[in-house]
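Thanks, everyone; please have the sequence and the model open while I talk. I will go from the domains to the sheets, and then to one helix and the cores.

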Amino acid sequence: MRLLLIHAKKFSYSVTEKAINNPEELDEKNRARDFENTLVVFTSVEKDDDENVVNRTAEEIFEVAKKIKPSSIVIYPYAHLSAELADPLTAQKILAQLYEKLSEKAEIQVYKAPFGWYKAFTIECYGHPLSELSKTIKKTKGGEIVRREIKKEFYIVTPDGEVFKPEEFDYSKYPDLKILVDKEVFGKVLEGGENIVNKYCRKFGFEWEPMSDHGHMRYGPHATTIMEALFQYSWQVARSLGIPVFKVIGTNMFDLSEKPVLEHALLFGDRLYELEVEGKKYVMRYAACHQQFAMLRDWIISYKNLPFGMFEVADSYRLEQRGELNLCFRLRKFYMPDLHILTRDLEQAIEASKTVQKKILEEVSKVGRRYVALYNVTRDFFEKYREVLIDFIKRDNYPALVAVIPSGIYYWILNVEYHIIDNLKRPREIATFQIDIGNGKRFNITYTDENGEKKHPVIIHTAILGGIERYIYMVLDTAAQMQLNGKTPYIPTWLSPIQVRIIPIKKEYLDYAKSIAEKLLAKGIRVDIDDREESLGKRIRDAGREWIPYIIVIGEREIKSNTINVRFRRTNDQKIMSVDELIKMIDKEIKDYPRISQTLPVMISQRPIPSYQA
Ligand SMILES: [Zn+2]
């Protein structure tokens, strides 16, 4: 349904002639009408519009009416807003439903101009910001409708395999689980409060881009270092699973007239980011699934090749609600290090999932956090694979919330969401893995088994680290919790945009500072020199504000003794050491992580002040 809403000072129309063979019948009243202070709703009914669309359209109209307070509402059939009109009969039916819906609830009079007639109209618009709005209301895609109708059954399952109803479980030892259950099962409204992570995001140059759609971020040079380090690290982690993994680069929009794309989209729900180009509709990918499946359907695969993985850090798009957008967490565009693993059958998929799960748990513990898990399972899986489910939960070593849904709705049979509980005591989903039995067939991906028969693989979807930005959210939230506990917040050295800052006390020491910087740079350590003409105190404070892990101060004594004086952010210590000692120390600290080159010039005096440091 497409709408153009106009708040009109004056509006009048009169019927001229038939536009279709069987137009709506006219009576003396609806043949011509005049209105004052009215909300005119020019309406195109489109293919696929249904009762759900009618209900939501009515809500939208009420929302607008609430704000502008018109004396009446006029539904005005108007075919020119859409190229995909419903047939006349359906359109009349839908318009009648909309009229009824509005009349039922509205406290003001609702009118409907007759359908199927050419009409002359005049309109005088108020011209305030809300006086002209256009809206498109689409049939809610499968996922959302399904989500509303599905009755989920919730259980708490312990690592020992005990099963409880959520209201009967004793949460005293599991406060994190309680928070997740309160939200997911009891729909408890979560407390608000200022999220320190937002402030930290901006500190590192993660900001909203005001010149794009809502929910798109831009990444300053500091943020870019962190992103690039994680692009590489997520690939490193994918490759460490012990199976062959192929890295690819895909495109980000897929044609909705392709059946598998449409079907997959319908299952995804109502957060699809759609695009229309030259009359064709595209969906922006919400992860790397589309691309990898579309590629894999063209590959010739033998059972001997399985299992193997395909990986991309995919730019991904989801139309999140405006009110829910959150820096580095709920975004309309983000980067998903998405890995799909093709397996022969469910048995092999379960085995591979165990390896994936192990990695997920290892990685979160490296950040110093623990997940609380939500296992979404189908009824079939819950009944037939109870032991497998318990085995997974045993590995989590923490009781899990299990949501049982009817079989045959989604493409997955097991969908595990791993949440942290953040500084605001909110569950935040970070990592995930799913076992998918539907898309192999849907996209016609096949492999040849030992008997020469074509079969569809069972596919695991996983983001082991979580979305790149969400992983960063977790890292920054960990720092937020340090601050809340009275400690100096920091992020791991391998992610720090600048790892070492050198501050020469006097200009004369600059050459010595440069020689140290060169040694560090040669080792792949990101370093800069604060050569500004500021006091030593200010320069040390600025380095602290940027959370630089190591600060080297150079004075005469250091030059004479060929040493450096190093301040450690993490421990608030200071130590005199040699450059080689420092290099050895940092080497050890970052040895398991990628070393990427820095995104900022070495000399601070050469830098303009970026928006996020102003
Ligand atoms: Zn996927």
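The domain assignment of the chain, whose bounds come from an automatic or database domain assignment, gives domain 1 (2-139), domain 2 (148-475) and domain 3 (493-613). The centres of domain 1 and domain 3, taken over C-alpha atoms, are separated by 66 Å, and the C-alpha trace of the chain spans about 105 × 70 × 50 Å along its principal axes.

Please keep in mind that this is a predicted model, in which local features need pLDDT of at least 70 and side-chain atom pairs count only at pLDDT 80 or more, while totals for chains, interfaces and linings use all residues. Residues are numbered from 1 along each chain as its sequence is written.

The chain contains 17 helices and 29 strands; helices (H or I, at least four residues) and strands (E, at least two) are DSSP runs, numbered from the N terminus. If we call two residues in contact when their C-beta atoms, placed from the backbone, lie within 7 Å, then among contacts between residues at least 6 apart in sequence, 76% join residues at least 24 apart.

Let me turn to the sheets, where two strands pair if DSSP finds at least two bridges between them. Ten strands form an open sheet with mixed pairing, in the order β8-β7-β19-β18-β20-β21-β24-β17-β16-β11. At its edges are β8 (163-164) and β11 (245-247), each of which pairs on one side only. Helix α8 (residues 289-296) packs on this sheet, where it touches β16 (308-317), β17 (333-343) and β24 (458-463), and its direction makes about 140 degrees with that of β16; here axes are lines fitted to C-alpha atoms, for helices over the stretch in contact, and angles run from 0 to 180 degrees between N-to-C directions. Within the sheet, strand β7 (residues 153-157) and strand β19 (residues 400-405) run antiparallel and are joined by five bridges, with valine 157 standing opposite alanine 400 in β19.

Another open sheet, of three strands with antiparallel pairing, has the order β12-β14-β13, and its twist averages 35 degrees from one strand to the next. Four bridges join β13 to strand β14 (residues 280-284), and glutamate 276 stands opposite lysine 281 in β14.

Now to burial: a residue is buried if 20 or more other C-beta atoms lie within 10 Å of its own, exposed if 12 or fewer, and partly exposed in between, with C-beta atoms placed from the backbone. Of the 614 residues of the chain, 39% count as buried.

Which residues of helix α5 (residues 196-203) are buried? They are Val197, Tyr200 and Cys201. Because they cover an arc of only 105 degrees around the axis, they lie on the same side of α5, the arc being that of the directions from the helix axis to the C-beta atoms. These buried residues pack against β9 (206-208) and α13 (468-484), and just after α5, glycine 205 takes a positive phi of about 90 degrees.

Finally, the cores, each a set of buried Ala, Val, Leu, Ile, Met, Phe, Trp, Tyr and Cys residues joined through C-beta atoms within 7 Å. The largest nonpolar core has 129 residues, of which Cys328, Tyr375, Ala431, Leu476, Ile502 and Ile552 touch the most other members. Helix α13 gives the most to this core, with nine residues. Domain 2 (148-475) and domain 3 (493-613) both contribute residues, so this core lies between them. A second, separate core of 31 residues includes Phe11, Val54, Ala91 and Ile137.
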